[in-house]
Amino acid sequence: MTALADVYINRVAAFLPNAPVDNDHMEHVLGMVGDTPSRVRKMILRSNAIKTRHYAIDPTTRETTHTGTELAVEAINGLIAQGMDVNDVSCLACGTSYPDQVMPGQGVMVHGLIPNAPAYEVLTTAGVCVAGMAAMKHAYNAIRTGEHQGAIAVASETASAIMRGEHFQAEINQKQLEDAKPEIGFEKDFLRWMLSDGAGAVQLSHQPNAQGVSLKIHWIDLISYANEMPVCMYAGAEIQDTRFISWKNVTKGERDARSLMSVKQDVKLLNENIVRCTVENALLRLIEKHRLKAEDIDYFLPHYSSGFFRDKLLDGLKNINFVIPQEKWFTNLETKGNTGSASIYIILQEFLEKYPLKNGQKVLCYIPESGRFSSCFMLLEVVNGN
């Protein structure tokens, strides 16, 4: 059996479109639903602790400034600006929650816009937040097995494209015809104040940087609990009496009137299960599998969707006797928002920029997904070439 190669993250880049949008201006940029201010916006913002985020929308004209594909390419351009040669890469893995098109895959659309790129093996990963890490794992395995010498993993989100107020107008019109309240359901309005836009990319190879910091990937572990859990976060469908109904099985008029293409979430199901499934159950496996010890972790990079979960995450770690003190945590949720599958890339880029890392330090990344309750943990080690 051929020995597996070590894999290193050589470069990390992030791209966030336009100027940050604060809480007082976000409804102006996204647009009101039915010309009525949201009744739950302020409550949700107090809970999620997000103060600014970015949208691929011009705040003055409200025109779209970037597609999800273009955001991903901007992040890859950031790798190129740092010195990456596109010819040193032969594998591209691209993840996103909500691609710009049904087909072709988002990965080939990104590949087509990378300046001067040669032919690549290209993979598109789907899902929600873990889609970005599924892309990373494919790139990691491509290097580890020796099939490729260099790879790019990238994730991007343009949540704003489907959260604009005007996209819900058909539903509002239908409700007014039925003499119902002209507002959308909480499961849809909730996410309008939670999600935002951005992209991140990494370059991987089998060698650390000759100078500066690299991150050795010890392992990437993904697991799904869909075998025991129902759907929690979804788009392009609706749930009626526990039946999951696809957008393909209703008329266009019904899709519009019920906003089937919007992103929705069962918040009660989320709150009751996200920590138990994606922290406690998932991490308990890894403690045994990798002989993981909390005291060996120098930094913890969690992607949680809301500040509401910060202390609940700590409680989950306490429940399995794997306490990582919060002074070792780093997240940029407050200033960058929740960018879904791109979040961990954007967190990692800012972390590397801000922290004076030392050779041998261990970094544990945590990425949950509420789609149908999946989880990913990644263990990194700092390699300093200086």
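## A salt bridge between separate elements

Arginine 258 is partly exposed, with a relative accessibility of 26%. Here buried means under 20% relative accessible area, exposed over 50%, and partly exposed in between, using a 1.4 Å probe and protein chains only. Glutamate 238, at a relative accessible area of 11%, is buried. The side chains of arginine 258 and glutamate 238 form a salt bridge, with N to O at 2.2 Å. Distant parts of the chain are linked by this pair: arginine 258 sits in the loop between helix 8 (252-257) and strand 12 (263-265), and glutamate 238 belongs to strand 10 (residues 237-240), 20 residues apart.

The term salt bridge covers a side-chain nitrogen of Lys or Arg within 4 Å of a carboxyl oxygen of Asp or Glu. Helices (H or I, at least four residues) and strands (E, at least two) are DSSP runs numbered from the N terminus.

## Basis of the model

The structure is a predicted model, in which local features need pLDDT of at least 70 and side-chain atom pairs count only at pLDDT 80 or more, while totals for chains, interfaces and linings use all residues. Residues are numbered from 1 along each chain as its sequence is written, and side-chain values use heavy atoms, with hydrogens and water left out.

## Domains and their interface

The protein divides into domain 1 (7-212) and domain 2 (217-230 + 265-384), with bounds taken from an automatic or database domain assignment. Taken over C-alpha atoms, the centres of domain 1 and domain 2 are 19 Å apart. Domain 1 contributes 50 residues to the contact and domain 2 contributes 40 residues, contact meaning heavy atoms within 4.5 Å. About 3400 Å² is buried between domain 1 and domain 2, and 68% of it lies on carbon and sulfur atoms. Cys129, Val130 and Met133 account for 19% of the area that domain 1 buries against domain 2, more than any other three residues. Buried area is the accessible area (1.4 Å probe) that two parts lose on being put together, summed over both.

Across the interface of domain 1 and domain 2 there is 1 salt bridge by the rule. A salt bridge joins the side chains of lysine 51 and glutamate 334, at 3.8 Å from N to O. By class, the side of domain 1 that touches domain 2 holds 31 nonpolar, 13 polar and 6 charged residues. In this classification Ala, Val, Leu, Ile, Met, Phe, Trp, Tyr, Cys and Pro are nonpolar, Asp, Glu, Lys and Arg are charged, and the others, Gly among them, are polar. A polar contact is a pair of N or O atoms within 3.5 Å; within protein, one must be able to donate a hydrogen and the other to accept it, and residues adjacent in sequence count only if both atoms are side-chain atoms.

## Other salt bridges

The rule gives a count of 14 salt bridges. One of them pairs the side chains of glutamate 166 and arginine 164, at 3.4 Å from N to O. Glutamate 166 is partly exposed at 40% relative accessibility, whereas arginine 164 is buried at 8%.

Aspartate 256 and lysine 252 also form a salt bridge, their closest N and O atoms lying 2.9 Å apart. These two residues are 4 residues apart in helix 8, so about one helical turn separates aspartate 256 from lysine 252. Aspartate 256 is partly exposed, at 33%, and lysine 252 is exposed, at 55%.

## Buried loop residues

Histidine 54 occupies the loop between strand 3 and helix 3 (68-81) and is buried, at 8% relative accessibility. A polar atom of the histidine 54 side chain lies 3.1 Å from the backbone oxygen of proline 17. Not counting residues up to four places away in sequence, histidine 54 touches residues including Leu16, Pro17, Ser196 and Asp197.

Valine 33, in the loop between helix 1 (26-30) and helix 2, is buried at 7% relative accessibility. The C-alpha atoms of valine 33 and aspartate 189 are separated by 9.2 Å, although the residues are 156 residues apart along the chain.

## Backbone geometry

Most residues other than glycine have a negative phi, and most peptide bonds are trans. Methionine 103 and proline 104 are joined by a cis peptide bond, with omega about 0°. Proline 104 lies in the loop between strand 4 (91-95) and helix 4 (106-111).

Alanine 49, not a glycine, has a positive phi of about 65°. Alanine 49 lies in the loop between helix 2 and strand 3 and is partly exposed at 36% relative accessibility. Threonine 242, also not a glycine, has a positive phi of about 70°. Threonine 242 is in the loop between strand 10 and strand 11 (243-246) and is exposed, at 77% relative accessibility.
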